[in-house]
Amino acid sequence: MIRHLVLFKLNEGVERDDPRVVAGVEAFRALGDRIEELRFWECAWNISDRPIAYDFAINSAVEDADALKRYLEHPAHQAGVALWREFATWVIADYEIAEQ
């Protein structure tokens, strides 16, 4: 199984209540029910006030590298990414985990 983690940092001057951000969060929250490759899905706002903290996180898991590729290419995922590209930057990590 592969864990797919994404941490988002809102661009300077962009707030959580910005309509673009609200739409981006809604798009990502819906992915867990829309993409069959996802075996685990959660996303949420950071609650830490540490200056190095990112703002929003996605924690997900898929069966294998092929499932990860299908997830990344899925139209619903691509639509969400297009929204976030307008107001945030992000980092990712994909790594193998034991079956859950």
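Strand β1 (residues 2-10) pairs with strand β3 (residues 56-62) in the antiparallel sense, over 7 bridges. Two strands count as paired if DSSP finds at least two bridges between them. The model is predicted, so local features need pLDDT of at least 70 and side-chain atom pairs count only at pLDDT 80 or more, while totals for chains, interfaces and linings use all residues. Residues are numbered from 1 along each chain as its sequence is written, and side-chain values use heavy atoms, with hydrogens and water left out.

**The sheet**

- Strands of a sheet pair through backbone hydrogen bonds, either parallel or antiparallel.
- Here an open sheet of 4 strands has the order β2-β3-β1-β4, with antiparallel pairing.
- The edge strands, each pairing on one side only, are β2 (38-45) and β4 (88-96).
- From one strand to the next, the twist averages 10°.
- Leu5 has Asn59 in β3 as its bridge partner.
- Helices (H or I, at least four residues) and strands (E, at least two) are DSSP runs, numbered from the N terminus.

**Helices on the sheet**

- Helix α1 (residues 19-34) lies across β1, β2 and β3, and runs at about 155° to β2.
- Helix α3 (residues 75-84) packs on the sheet and touches β1, β3 and β4, its direction making about 140° with that of β4.
- Axes are lines fitted to C-alpha atoms, for helices over the stretch in contact, and angles run from 0 to 180 degrees between N-to-C directions.
- Contact means heavy atoms within 4.5 Å.

**Helix α1 in detail**

- With 16 residues, α1 reaches 22 Å from its first C-alpha to its last, close to the 22 Å expected at 1.5 Å a residue; the expected span is 1.5 Å times one less than the number of residues.
- Val21, Gly24, Val25, Phe28 and Leu31 of α1 are buried.
- They lie on the same side of α1 because they cover an arc of only 105° around the axis, taken from the directions from the helix axis to the C-beta atoms.
- Buried means under 20% relative accessible area, exposed over 50%, and partly exposed in between (1.4 Å probe, protein chains only).
- Among the elements covering these buried residues are β1, β2, β3, α2 (65-73) and α3.
- The face turned away from the buried side carries the exposed residues Pro19, Glu26, Asp33 and Arg34.

**Ile92**

- Ile92 is in strand β4 and is exposed, with a relative accessible area of 51%.
- Not counting residues up to four places away in sequence, Ile92 touches His4, Leu5 and Val6.
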